[in-house]
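Have a look at the structure first, then read on.

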Amino acid sequence: MEPDLQSDYRRPQPAPYFNLTGRVLAIALGTFIGVFGAAMAFYHYWKWDVSRQFQAAASQARSALADRREWQAARDERDAALRRRQARERREHQATIDQAGRTCNFWRQEYADDPTSKARLYRDTACNRLESLR
């Protein structure tokens with residue numbers, strides 16, 4: 001038995017398995033997966049960031065549009081109120097002119113019927129007022 005034991009010790013041991021090609025391929029595959037994962041993470045972050053910026057810009061645009069519409073509605077209301085006031089003032093001014101015209105015509109007729117200094121004074125005053133209103 002001894003010779004067999006000695007023969008086992010003397011037998012050359014196999015060299016450890018070292019596959020360079022396999023290890024290089026494993027490193028390359030690991031590197032590729034890592035770079036691909038990083039690229040995908042960057043892509044998704046970029047997509048999220050662009051989406052967030054777009055949503056912020058869209059929100060700001062909607063807010064600006066709402067502010068513009070609100071400002072325009074207030075301006076339209078002010079303009080409408082101004083037009084109503086101007087129309088009322090024109091009607092009132094025209095009514096004043098009409099009344100002054102009637103008064104002037106009345107005193108012209110009175111002066112034509114009775115040419116007194118008092119009638120002439122009233123006629124001149126009424127007609128001067130009519131001219132100043134036109």
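Aspartate 49 and arginine 52 both sit in helix α2, 3 residues apart, or about one turn of the helix. Keep in mind that this is a predicted model. The side chains of these two residues join in a salt bridge, at 2.4 Å from N to O. Side chains of opposite charge can pair when their charged atoms come close. The total count is 6 salt bridges.

Now for the greasy side of things. Leucine 29 also belongs to α2, which covers residues 20–113. Leu29 is part of a nonpolar surface patch, together with Phe32, Ile33, Phe36, Met40, Phe42, Tyr43, Trp46 and Val50. Between them, these residues have about 950 Å² of accessible area.

How do α2 and α3 pack, and at what angle? Helix α3 spans residues 117–133, and the angle with α2 is about 155°, with the axes 8 Å apart. Since angles over 145 degrees count that way, α2 is roughly antiparallel to α3. The crossing of the two is left-handed.

Here's who meets whom:

| Helix | Residues in the contact |
|---|---|
| α2 | His93, Thr96, Ile97, Ala100, Gly101, Thr103, Cys104, Trp107, Arg108, Tyr111 |
| α3 | Ala119, Arg120, Tyr122, Arg123, Ala126, Cys127, Arg129, Leu130, Leu133 |

How values were computed:
Residues numbered from 1 in each chain as written. Predicted model: local features only at pLDDT ≥ 70, side-chain atom pairs only at ≥ 80, totals over all residues. Heavy atoms only, no water. Patch = residues over 30% accessible without salt bridge, like charges linked within 9 Å, V, L, I, M, F, W, Y side chains within 5 Å. Areas by Shrake-Rupley, 256 points an atom, 1.4 Å probe, with all protein chains shown as cover. Salt bridge = Lys/Arg side-chain N within 4 Å of Asp/Glu carboxyl O. Helix = DSSP H or I, 4+ residues; strand = E, 2+ residues; numbered from the N terminus. Axes fitted to C-alpha atoms, helices over the stretch in contact; angles between N-to-C directions. Parallel < 35°, antiparallel > 145°, perpendicular 65-115°, else oblique. Left-handed = near helix turned anticlockwise from the far one by under 90°. Contact = heavy atoms within 4.5 Å.
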